[in-house]
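Try each task before reading its solution.

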Amino acid sequence: MRRETRSVYQLTSAAAIAAVYVALTLMFLPIAYGPISFRISELLCILPYFTPAAVPGLTVGCLLANFLAGAAPMDVVFGSLATLAGAWGSYRLRKHRWLVWLPPVIANTLVIPWVLRFAYGNDEFMPVLTATIFLSEAIAVGLLGNALMLALEKYKRQIFRGSLAR
């Protein structure tokens, strides 16, 4: 495939991933934010297994979702950076299929409790905040994300045709 065509596929894939992330986050807005939250859109964090385009796609999707949902500026910035770190880590682990879910869970577990504390003034006990974020991410990315990975595995050549990870 020509380099220009491949770039167009990757840009289009990144934009589509960002759009789906935003749509899923806003569709389930009532449960997507807060100290006890469940962001269904996080299941997409396994997509770097299939395509490097998922790294910018997830990052931009998180940034837009947080911005459009009216999140605190600190959440927009640091939540997006946590997503970037997690997506990049997943891409780096793409050769180890069953480990791809770990980087987003770890990145969000390390960053988001502090965002909740400092951006929103949440004074919950930090280990409780950390545990709830970890559990939420483990279910969304580990359970739902791995189920999505299994479902997409059979069709990856058709879906990610021009932007498959190498």
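**Exercise 1. In which helix is the place of Leu-64?**

Solution. Keep in mind that this is a predicted model. Leu-64 lies in helix H3. Next, decide how well covered this residue is: a residue counts as buried under 20% relative accessible area and as exposed over 50%. Leu-64 has 36% relative accessibility, so it counts as partly exposed.

**Exercise 2. Sort out which residues of H3 are buried, and what covers them.**

Solution. First, list the buried residues of H3: Ala-54, Val-55, Gly-57, Leu-58, Thr-59, Gly-61, Cys-62, Ala-65 and Asn-66. Then look for their cover, which includes helix H1 (3-27) and helix H4 (73-92).

Leu-26, Leu-29, Val-60, Leu-63, Leu-64, Phe-67 and Leu-68 make a nonpolar surface patch of about 590 Å². H3 gives the most to this patch, with 5 residues.

**Exercise 3. Describe the largest nonpolar core.**

Solution. Start with its members: there are 25 residues, and those that touch the most other members are Tyr-21, Leu-44, Ile-46, Leu-47, Phe-50, Leu-58 and Met-149. Next, assign elements: H1, H3, H4 and helix H6 (126-153) each give two or more residues to this core. The largest share, 5 residues, comes from H3.

Now zoom in on Leu-44. Not counting residues up to four places away in sequence, Leu-44 touches Ile-17, Val-20, Tyr-21, Leu-24, Leu-58 and Leu-148. A second, separate core has 5 residues, among them Ile-112, Leu-116, Met-126 and Ile-133.

**Exercise 4. Is Ser-37 buried or exposed?**

Solution. Locate the residue first: Ser-37 sits in the loop between helix H2 (29-32) and H3. Its relative accessible area is 16%, so Ser-37 is buried. Then list its contacts, leaving aside neighbours within four places in sequence: Ile-31, Ala-32, Ile-133 and Ser-136.

Technical notes
Residues are numbered from 1 along each chain as its sequence is written. This is a predicted model: local features need pLDDT of at least 70, side-chain atom pairs count only at pLDDT 80 or more; totals for chains, interfaces and linings use all residues. Side-chain values use heavy atoms; hydrogens and water are left out. Buried means under 20% relative accessible area, exposed over 50%, partly exposed in between (1.4 Å probe, protein chains only). Helices (H or I, at least four residues) and strands (E, at least two) are DSSP runs, numbered from the N terminus. Contact means heavy atoms within 4.5 Å. A nonpolar core is a set of buried Ala, Val, Leu, Ile, Met, Phe, Trp, Tyr and Cys residues joined through side-chain atoms within 4.5 Å. Patches are made of residues with over 30% relative accessible area and no salt bridge: like charges are joined within 9 Å, nonpolar side chains (Val, Leu, Ile, Met, Phe, Trp, Tyr) within 5 Å. Accessible areas come from the Shrake-Rupley method with a 1.4 Å probe; for residues, only the protein chains shown count as cover. A salt bridge is a side-chain nitrogen of Lys or Arg within 4 Å of a carboxyl oxygen of Asp or Glu.
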